[in-house]
Amino acid sequence: MSAPRTKFYLDKQSAKWSGVCAGIADYTGMDVTLVRIAVVLLTFLSGPWTLPAYWITAWMAPRKPIELYQQDPDQKKFWQGVRRNPHAMARDVRSRFRELDRRLADVETYVTSSHSRLAQEIEQLR
Amino acid sequence: MEFPEALIPLFGILALFIGLPWMIFHYVTRWKTTKTITTQDEDLLDELYDLARRLDDRMSTIERIVQAENPNWRSLGRDPVEAALEDRSERIYEAADRTNRPSRRT
């Protein structure tokens, strides 16, 4: 609850070296392997500036708090969406609540109408 | 008029030391204002998301109970009287038209 979820963390659990690529993948929701391949390609194509960038990131970024490893996949996906676009995710939550409202209304109609039908049938039996 | 060649490095230096940092900071500030939400908003969003999930689970349980009690409850949910009595006024008017004005059609 306390650890901020919209920060960049080093993902030590699926780390190959320091967990920067795994952290990027975890932050954005991309595939880890793709991120690693992209970084290696970038290193070969545009010079070795990615290495100091990697070290600086590994040195500066905090490690991922232990409770964030326990998120289930749905939650992970949701927070990746929040990092990308908080407003869209807020709208997503609202649509969930609307859906719930609709389903609850269905059940409510059924329960109340079945009660009234039961009352009618009891009246007819008298 | 010929462009003075001595000005080219000046433009280069200007672009490099003023234009580039300006552009970088411009995008950094824009990124910061659009992408971040406050910690309170984050907690609120987390709570709402959690609540929605829990309510979803409860709703599914209730729907399952109702389903077990009465498999076609969704169609029964609507008022049976309303479902059975359709609006026939249009058809009555059409029939009346046909009987009143048969000569105009032929």
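Chain A contains 5 helices and 0 strands, where helices (H or I, at least four residues) and strands (E, at least two) are DSSP runs numbered from the N terminus. Along the sequence, the pattern of chain A is α-α-α-α-α. The model is predicted: local features need pLDDT of at least 70, side-chain atom pairs count only at pLDDT 80 or more, and totals for chains, interfaces and linings use all residues. Residues are numbered from 1 along each chain as its sequence is written, and chains are lettered from A and ligands numbered from 1 in the order in which they are written.

Of the 126 residues of chain A, 11% count as buried. A residue is buried if 20 or more other C-beta atoms, placed from the backbone, lie within 10 Å of its own, exposed if 12 or fewer do, and partly exposed in between. The largest nonpolar core has 5 residues, namely A:Leu10, A:Val20, A:Cys21, A:Ala22 and A:Ala25. Such a core is a set of buried Ala, Val, Leu, Ile, Met, Phe, Trp, Tyr and Cys residues joined through C-beta atoms within 7 Å. Apart from neighbours within four places in sequence, A:Cys21 is in contact with A:Lys16, A:Val32, A:Val35, A:Arg36 and A:Val39; two residues are in contact if their C-beta atoms, placed from the backbone, lie within 7 Å. Among the contacts in chain A with a separation of 6 or more, 47% join residues 24 or more positions apart.

Helix α4 (residues 73–84) and helix α5 (residues 86–125) of chain A have axes that come within 5 Å and cross at roughly 135°. Axes are lines fitted to C-alpha atoms, for helices over the stretch in contact, and angles run from 0 to 180 degrees between N-to-C directions. α4(A) and α5(A) are therefore oblique to each other, given that angles under 35 degrees count as roughly parallel, over 145 as roughly antiparallel, 65 to 115 as roughly perpendicular and the rest as oblique. A:Phe78, A:Gly81 and A:Val82 of α4(A) form this contact with A:Pro86, A:Ala88 and A:Met89 of α5(A).

Chain B has 6 helices and 0 strands, arranged from the N terminus as α-α-α-α-α-α. Of its 106 residues, 3% count as buried. The contact between the chains takes 19 residues from chain B and 20 residues from chain A. On the side of chain B that touches chain A, the elements giving two or more residues are α2 (39–69) and α3 (73–76) of chain B. The most, 12 residues, come from α2(B).
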